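Thanks for asking me to look this one over. Could you open the structure alongside my comments?

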Amino acid sequence: NLFIGPGFSISSIERDALVALYNSTDGANWTENTGWLGEVGTECSWFGVTCSSGSVTQINLYDNSLSGSIPAELGNLADLTTLNLSNPFLHDGNSLSGSIPSELGNLTDLTTFDLSNNSLSGVISSELGSLTNLVTFRIRGNSLTGNISELFKKMTKLSNIALWDGNVMTGTIPKKIYE
């Protein structure tokens with residue numbers, strides 16, 4: 001069902017963030033892009049987008065031929081709980097490059113953050129330490145660097161992490177995570 005009207009439409013800031021994602025990751029060539037860039041009020045029916053109470057709460061575009069970079073505008077999706085842009089099957093799925101924008105640290109409601117098996121590089125931003133509700137944090141299979149000790153200090157709910165395979169991280173993982 002597609003519902004349009006007050007309470008079902010997302011804000012223009014959230015729409016702009018989704019459009020930025022489409023444009024910066026070659027959305028025209030995604031495996032599945034049904035609905036994307038449709039009329040205002042249709043965003044919650046776009047493939048891979050889930051909404052609740054007039055806000056985007058999930059983006060699940062894993063293994064969907066995304067290429068390019070992650071836009072900073074995603075940091076404007078204040079109610080996002082799941083961001084999955086991974087390439088779980090290690091074939092011609094997603095191949096995102098560049099760094100992880102520090103603005104993603106604004107997504108304090110996130111419980112799942114999965115960017116695994118892309119081609120991301122650079123130092124992992126300390127701002128991601130603000131993601132205190134994270135349960136799942138997967139960035140394996142990239143070329144990221146940085147110290148994870150400070151990053152994980154405030155992430156007290158983490159129970160599922162994947163950092164290996166290509167990343168060169170330093171620091172320690174808090175004992176509470178692997179007990």
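Here are my notes, point by point.

1. Before the details, a word on the basis: this is a predicted model, in which local features need pLDDT of at least 70, side-chain atom pairs count only at pLDDT 80 or more, and totals for chains, interfaces and linings use all residues. Residues are numbered from 1 along each chain as its sequence is written, and side-chain values use heavy atoms, with hydrogens and water left out.

2. Have a look at the hairpin formed by β1 and β2, with 2 residues between them. Helices (H or I, at least four residues) and strands (E, at least two) are DSSP runs, numbered from the N terminus. β1 (residues 49–52) pairs with β2 (residues 55–60) in the antiparallel sense over 4 bridges; pairing takes at least two DSSP bridges between the strands. Val49 has Ile59 as its bridge partner in β2, and Ser53 in the turn shows a positive phi of about 50°.

3. The whole structure holds 1 disulfide, a term that here means a pair of cysteine sulfur atoms within 2.5 Å. Cys44 and Cys51 form this disulfide, with sulfur atoms 2.2 Å apart. The torsion about their S-S bond is about -95°, so the disulfide is left-handed.

4. Ile59 turns up again in the largest nonpolar core, which has 40 residues; Ile59, Leu85, Ile100, Phe113 and Phe137 have the most contacts inside it. Such a core is a set of buried Ala, Val, Leu, Ile, Met, Phe, Trp, Tyr and Cys residues joined through side-chain atoms within 4.5 Å, where buried means under 20% relative accessible area (1.4 Å probe, protein chains only). α1 (12–24), β2 and α2 (149–153) each give two or more residues to this core.

Conventions:
Buried < 20%, exposed > 50% of the residue type's maximum accessible area, 1.4 Å probe, protein only.
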